Each structure stands twice: as C-alpha cells, then as structure tokens.
Amino acid sequence: MTIKIKINDFLSRASRLLKGGGEASIQRQTKSGKLNARERIDYILDQYSFFETDLFVEHSAKDFGMESKKLAGDGVVTGFGKVDGRAVAVFAQDFTVAGGSLGKAHAGKIVKIMDSAGDMGIPLIGINDSGGARIQEGVDSLCGYGDIFFRNTQLSGVVPQISLILGPCAGGAVYSPALTDFVFVVDRISNMFITGPQVIKSVIGEEIEAEELGGAMTHAATTGNAHFYAKTEAEAFEQIRELLSYLPANSTENPPVSKKADPPLNPLGHPDSRKVLPNDRKKSYNVKEIIRGIVDSSSFFEIQKHFARNIVTGFGRLAGKPVGIIANQPKVLAGVLDVDASDKASRFIRFCDSFNIPLLTLVDTPGYLPGVDQEHAGIIRHGAKLLYAYSEATVPKFTVVMRKAYGGAYIAMCSRHLGANMVIAWPTAEIAVMGPEGAANIIFKSEISESDDPEKTRKEKVKEYEDKFSNPYVAASRGYVDMIIEPNKTRDALIKALELAKIKSQPAYTRRHGNIPL
Amino acid sequence: MEDKTEHLLVDDTRYETEVPERYKIKGKKVTMNPGDIRAIIPGAIVSIKVRKDQEVAAGDVVIVLEAMKMYNDIEAESDGKVTEILVSEGDNVAKGQLMIRMD
C-alpha cells in the first residue's frame, strides 16, 4: 500500500469517526434543542485549542449483537484544551452514538483523561449526556462507572472537577457529577435522578413529571445538587469559563491574580456609612449589595444562587486576588442558619480550603431556624458541619461582623474561636447570646411578671439589655474581635489583611483524616 | 425575588423577611405517641390483622402493606391494646400516615 493510500485511508476513517453517530443522529440532537459533544467542546475551549485523544478507541463487547456494532469513539470525546490560555482536560459524552451509553471502552477513555488531569495537575471538565449504562455490556458497564467514581474521589481536592449535565444523567451515572466540585445544569436539558418517573410510578405509585422530579431548577433550588443554573447551554459555557478564572489549576497553586482590580462601582458606605444598614434591627436588606460594595468591581460570582438563599456563597476579588465569600442573607429567613444553609456553606468552605482560596465571612444572623422540621431533619448534625469546616480550614479566614451575631450562630460564622485570622466588627455589630427581646424575657422574667405594668417593665429591661450587650464592645474588650471599623473602611482593611495572610501549617496531630459529621 | 412583608420569629424577635413556601409553619400539633403505627413508605393496605381492643405483643404483625412490589409485614413495636384502626383494607396510605393507635 502506498503512502498516499494509507493517508487517504486514515483521513476517511477519521472523518467518519468525527461525525459521531452520523448525520441523521446529529440532526436529531440539534432538533431536540441540544448541541452535540464536539460543538460543546468548541464553545467551552479557546478557539483551535482542542487536542483530541482516543478517537480510534473501539469496544470489544460480543454479546447481544455488539460484535457487529461500530461505535465512533465508543460514544465519548476526550482530550485537552485551553480556557483563557490555561490548560484543562475534558470529556464529552456523545449522545449521537448509542445514546451516549457507557460501556467498558467508553469508561476507559474517561478514566484515562481523569488520570491525565491528575498527573498534569489541571482542571477536569466533564460533559454528561448519556442514556446510562450500556445494558448489552452488563457488569462491564458497572465496572466502568465504579472506576470513574473511584477516580473522582482520588482527584477530589487535587484538581477542580466540574460537571455539566447536558442531557439525561440517571441512575448510577449521576454519582460521578455528585462527587465533583461543581455541577452545572441547563433549563429543560438537564435531567438527574436515581430512579425515574416510570419506576417511581410503578413501584411507589407517586406521579411526577421528569422535569419536576430531576430537572434543572429542581436541582438548583430544591435538592442542592446543582451549583449553577443556566437558561441555555451557551450561558452555561460562559459560567464555566468565568468560574475557572477564580480557581488555581490544582491544589499546589495559588488562585490566579487578576490584572483587572478596579474598586467597586458603588463603594460601601460612601459617602455615608450610616446608609449601609437599616436602623431597625428587625428590618432586612440584601447582603449581595454589601458584597458588591466591598469586592473589586464586577468580581462577585455567586454559587448555588437558588438553593438555601438564606446564606450567600460565591467568589469575589480583592485587589485582583480571589476570595471565597460566605454571607448570611437577612432578606431571606432573617439570615438564620438551617440544615440546607449549613450544608451549602460547609461544602463551599472545604472547596476553598482544598484550593488555597482565602475565606471572607460576612455575619448578620439571629441564630438557627426554630422548628420541629429542622430538629427532625437533623439541624444538629448538619449545623455541626459548619463548625467543622471553618475549624478545619487553614486558608486565611477573615470575618466581618456587620450586625447580629447571636449565640451558636456567632460561633459558627467563622468566629475568632474557630481560627479566624482577623475578625472585624462594624459599630452596628451585636455580638451577644441572643437578641435583647429574647434575652430580657429570660433574664428578667420574674421582674417582668411581678411588675405592676409588665409591658412597661419589659420595654425597660429590653432597652437595658440592648444598651449593655447589643454591640461589639463587650466582645472587643476580650479580644474576640480584632478591630472595630466603619463600613466604608472595610475594603481597605481586608486588602491589607489579605496581603499579610499566609496559609497556616497543619497541626502536629497524626491522623488518617478527621471524621466530619455527615 | 418579589418583596414580601412576611415575618420570622426568632427568640421573641419578629424579623421582617422573606419566608420561602416550604418553610411556612403549618401550625399542626405534632405528637409522637409511642403506640402510633404509621406507614413508613406509601403503599396499599393488603390486610389488617387485628381488631379494636385486641391485646397485641411486641413483634406481632398488625398490618400487611403492599409497597416496593413486596408485601411488608408491619409489626407492633411494643405490647399493648389496639385502641383505634384508622384505615381499611384496600386503602392507599401516604408516607407517615397514622394507621393504628395502640395503648
């Protein structure tokens, strides 16, 4: 065979494989409102940066007619590329090839790209769009999934792992994204569940539509399985690119410093610090406006926006340096801590700690959400996660107590006692065991009930407690708070603190690993 | 997010804040009577093995519930007497629904 024939043969094989399941399948994918695997990779990566591997991989299954079935790339596209000039590893399941089903060779390709990501120390992006296990391959499919889950775990905290759900992701398959750091869902396209509507109907008798059971908004707002929600695939790709701009490539690197470090458009407390918070402690405000008034302009990037809205998590930059932000949101549920908020914040804290991202905590919380539902849902063990996550973190931790910091929630929101490097309080801070009404009702209970005018006495006692304890000075007098400053000085103070900060070395205890309450 | 003037009571202080739907307190009285036998999964009552006023020992099967494609024997957790039977054979029960009361 001449060289010319060999080259032509190669080109014709490659061009066939690059078409995945073929023109007709590609048309079907487009008609169903979805991009295909290669289009998605092209959108996410910098132009011309995709460097494909394992295009020629084939399955070796023999049962159920598999021997005669030719599956391009065994249904998954793998390779490397760049996002904003920084290397990433990527895999994208190809729904046009056997429904993107996972067989042994398919899984092998993913495992290989995961191992490469770990060896090279670069982020892994996984695009899920698959009907699930390739039934014809039986236990080999299960082996494939197991191999992937094991590696998700081995890579956890080593390189950032990002999952996009751009199609069905059901049954066992959904555990891979669940093990990764960030899950992106798209309206009307993403679908995740362990057991689907048909199974649920026949076994339990409950009726529910697929979209409501495991669609994008369900996971963004109710289950907390998703971290980012987009209306279109294009929006999701933009979100991923933006997310990566805050993250180091791996756990040995620092987060990238941005050259763009403009001060906020509406700096906090300028010109008047008195307008930052409402006068009445019972009135709420949107903490995101405060965040935007502190961090570099346009740098606030929220995570899990629709889930546990009583706490806000996300990234921001201070003089170009990324920080992880956790803030109580007084506008929702008065900013109390509850089961979902504890889970949301804890996972985010531990992600930041894995990747050298300093933590900025903004506090305004009246405590934990009261109620039987919370107690029976295990607020005790979920709330404990937050204490554990903050205590465990050795990245620089800065806390700003803006207003209320009551009781156990004061401790939990990265207090000095949990290892904060710097605790700043505003003059409006109230660091106390509880609010003045609750405290006065307990401490002065007999005085109030024995009084001739209980209401008048109660009001007097509430004011007495408020004057004495609803402030930062008691805590500051003990050194529990490092400094008290006005809101409009917060940004500068934090930038200075960040310059001085260093990651703490680990304590000298020997242990295989701690046992975080789960 | 629309502006709702709802309130949340925490330690005697009424905060003006948004309260998402699933957090709205229904105001129901929750009592956990050890003698209550509730359905732990939704299903259908296949047969009721006891009568009112019957003496029952811990471990006796009181109801057979069809769920998860299986017949599930629901047992009494402690000795006692059946005081109330709130369901009939053929009924569909929801998760947590009270089926039998015992003393």
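Predicted model: local features only at pLDDT ≥ 70, side-chain atom pairs only at ≥ 80, totals over all residues.
1. Two or more lining residues come from each of α5 (139–155), α6 (175–179), β7 (182–186), β8 (191–193), α9 (216–223), α12 (339–354) and α14 (379–392) of chain A. Of these elements, α12(A) gives the largest share, with nine residues.

2. The volume of this largest pocket is about 1700 Å³.

3. At least two lining residues are supplied by each of β3 (86–93), α5, β6 (168–170) and α6 of chain A.

4. Which residues of α16(A) meet α18(A)? On the α16(A) side they are A:Pro436, A:Glu437, A:Ala439, A:Ala440, A:Asn441 and A:Ile443, and their counterparts in α18(A) are A:Arg458, A:Lys461, A:Val462, A:Tyr465 and A:Glu466. By class, this contact brings together six nonpolar, one polar and four charged residues. The two helices, α16 (residues 436–443) and α18 (residues 454–469) of chain A, have axes that come within 8 Å and cross at roughly 115°, and the crossing is right-handed.

5. Two places in the backbone of chain A deserve a remark. Most residues other than glycine have a negative phi, and most peptide bonds are trans. The bond between A:His270 and A:Pro271, however, is a cis peptide bond with omega about 0°, and A:Pro271 is placed in the loop between α10 (233–244) and α11 (287–294) of chain A. A:Tyr48, which is not a glycine, has a positive phi near 65°, and A:Tyr48 belongs to the loop that runs between α3 (37–44) and β1 (51–53) of chain A.

6. In chain B, one open sheet consists of four strands in the order β7-β6-β4-β9, with antiparallel pairing. The strands at its edges are β7 (70–75) and β9 (92–93) of chain B, each of which pairs on one side only. Strand β6 (residues 61–67) of chain B runs antiparallel to β7(B) and is joined to that strand by six bridges, and in this pairing B:Val64 stands opposite B:Asp73.

7. Chain B also has an open sheet of four strands in the order β3-β10-β8-β5, again with antiparallel pairing. Its edges are formed by β3 (36–38) and β5 (55–56) of chain B, and each has a single partner strand, so one side of each is left without a neighbour in the sheet. For β5(B), the pairing with strand β8 (residues 80–85) of chain B is antiparallel and extends over two bridges, with B:Glu55 standing opposite B:Lys81 in β8(B).

Definitions and conventions
Residues numbered from 1 in each chain as written. Chains lettered and ligands numbered in written order. Heavy atoms only, no water. Pairing = 2+ DSSP bridges. 1 Å grid on protein atoms, 1.4 Å probe; cavity = no way out; pocket = protein on both sides within 12 Å on 5 of 7 lines; lining within 4 Å. Points joined across faces, edges and corners; volume = space filled by probe spheres on them. Axes fitted to C-alpha atoms, helices over the stretch in contact; angles between N-to-C directions. Left-handed = near helix turned anticlockwise from the far one by under 90°. Contact = heavy atoms within 4.5 Å. Nonpolar A, V, L, I, M, F, W, Y, C, P; charged D, E, K, R; others polar.
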